[in-house]
Amino acid sequence: MGNIGAAITGVSGYVPDYVLTNRELEQMVETNDEWIRSRTGISERRILKGEGMGSAYLGTQAVKALLEKTGTRPEEVDGLICATITPEMFFPSTANLICDNLGIRGAFSFDLAAACSGFLYALETGSNFIRAGNQKKIIVVGADKMSSIVNYNDRNTCILFGDGAGAVLLEASEGENIIKDTIIRSDGVGKDLIYIKGGGSAYPPTHETIELGYHHFFQDGRSVFKYAVKSMADVAVEIMKRNNLSGEDIAYLVPHQANMRIIEATANRMAVNMDKVTVNIQKYGNTTAATIPLCLWEWEDKFKKGDNIILAAFGGGFTWGSIYLKWAY
Ligand SMILES: CC(C)(COP(=O)(O)OP(=O)(O)OC[C@H]1O[C@@H](n2cnc3c(N)ncnc32)[C@H](O)[C@@H]1OP(=O)(O)O)[C@@H](O)C(=O)NCCC(=O)NCCS
């Protein structure tokens, strides 16, 4: 057999029905629609309501739709990887729970945590299982219920995030239209700038940790912004250069949706026109591991077989990366 690559052969997404608008946030914290839109590009985001509803529900909806649209039977799935920083529970993994919900039995499944870069990390991990030759069909999911960790009294962060999930089917291919190249990186310099302190083994939940708000997402937005702008653009430009791609060669840039200004700066550095950049931040905000597959899902109809597509992300850790792929269908 020749060289085996991993091709994305299907994509699906899910966002919950409830729409949290900037206007509603104005009633919750001292902020306003104009500030949020001009600083972030966000107008509204989706929130999963309902007791006991978590990331496994979001991921299950996305994967269910993916199986249906690609005509994939549960028993054909060799493995499922779920990128999330808001797992349904400590264990079983959210990936395991999604498989159980959909009757996927005997496939390997695990979660992967790389914050907003999680989907890129998971896509590369899934691709490597396929390249190794033993697995034929792997599902990669990004699912985050960010509303479960956001402090809705903190205007610095509560305006940014939403809930959602997206999933892709990866299949073995000997053709050209595969995942061509990946760069994924991390640097712990971000550990004091964006984190959740409590709930893990260092500070398990107690009355005191709850009172101190250790279970909430914290971010030094201004500092993270500076790292994000530079790192996401640097890595996207690096992957273009080493694949001899100019801005004109790129059909679409699919960036992580954290802030419109970060997206524009990345496109600008890559010399890619904004009409070739997927943007849905205005509707969904930052859904962490779900932003990139949600964009793939919404732009699927526009992509053509053989299109050069660049994915790029930056997130907590810090983690960041870029993937160059040729669209397969
Ligand atoms: C969070 C973010 C939108 C804030 O935008 P910013 O332009 O950096 O704004 P600043 O944090 O400098 O705050 C500017 C002022 O607005 C205020 N402000 C913050 N949030 C506000 C809100 N929701 N409404 C109104 N004012 C707000 C601040 O208190 C500050 O006031 P001050 O100047 O009196 O201190 C931006 O920093 C960002 O997107 N950061 C990176 C996000 C990111 O990439 N996250 C990472 C994971 S992917």
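Colleague: How do the residues of the shell around the ligand divide into nonpolar, polar and charged?

Modeller: There are 11 nonpolar, eight polar and three charged residues in that shell. Ala, Val, Leu, Ile, Met, Phe, Trp, Tyr, Cys and Pro count as nonpolar, Asp, Glu, Lys and Arg as charged, and the others, Gly among them, as polar. Keep in mind that this is a predicted model, where local features need pLDDT of at least 70, side-chain atom pairs count only at pLDDT 80 or more, and totals for chains, interfaces and linings use all residues. Residue numbers start from 1 along each chain as its sequence is written.

Colleague: What makes a residue part of the shell, and which are the closest?

Modeller: The C-beta atom, placed from the backbone, has to lie within 6 Å of the molecule. The ligand has 22 residues around it, and T31, G221, F225, A258 and N259 are the closest.

Colleague: Which element gives the most to the shell?

Modeller: That is α8, with five residues. At least two residues each come from α2 (33-40), α6 (155-158), α8 (221-242) and β12 (308-315). Those names stand for DSSP runs numbered from the N terminus: helices (H or I, at least four residues) and strands (E, at least two).

Colleague: How do you know where the ligand lies relative to domain 1 and domain 2?

Modeller: Both domain 1 (5-176) and domain 2 (180-326) give residues to the shell, so the ligand lies between them. The bounds come from an automatic or database domain assignment. Taken over C-alpha atoms, the domain centres are 14 Å apart.

Colleague: How many residues of domain 1 and domain 2 are in contact?

Modeller: On domain 1 there are 44, and they meet 40 of domain 2; contact requires C-beta atoms, placed from the backbone, within 7 Å. The touching side of domain 1 has 22 nonpolar, 15 polar and seven charged residues.

Colleague: Why is strand β13 called largely enclosed?

Modeller: Of the eight residues in β13 (residues 319-326), seven are buried, so the rest of the structure largely encloses this strand. Buried means 20 or more other C-beta atoms within 10 Å of a residue's own, all placed from the backbone; exposed means 12 or fewer, and partly exposed is in between.

Colleague: What makes β13 a partner of β8 and β12?

Modeller: Pairing takes at least two DSSP bridges. Strand β8 (residues 179-186) has seven to β13, and the two run antiparallel; R185 has W320 as its bridge partner there. β12 and β13 share eight bridges, also antiparallel, with G315 opposite T319. Their hairpin has three residues between the strands, and G317 takes a positive phi near 135°.

Definitions and conventions: Two residues are in contact if their C-beta atoms, placed from the backbone, lie within 7 Å.
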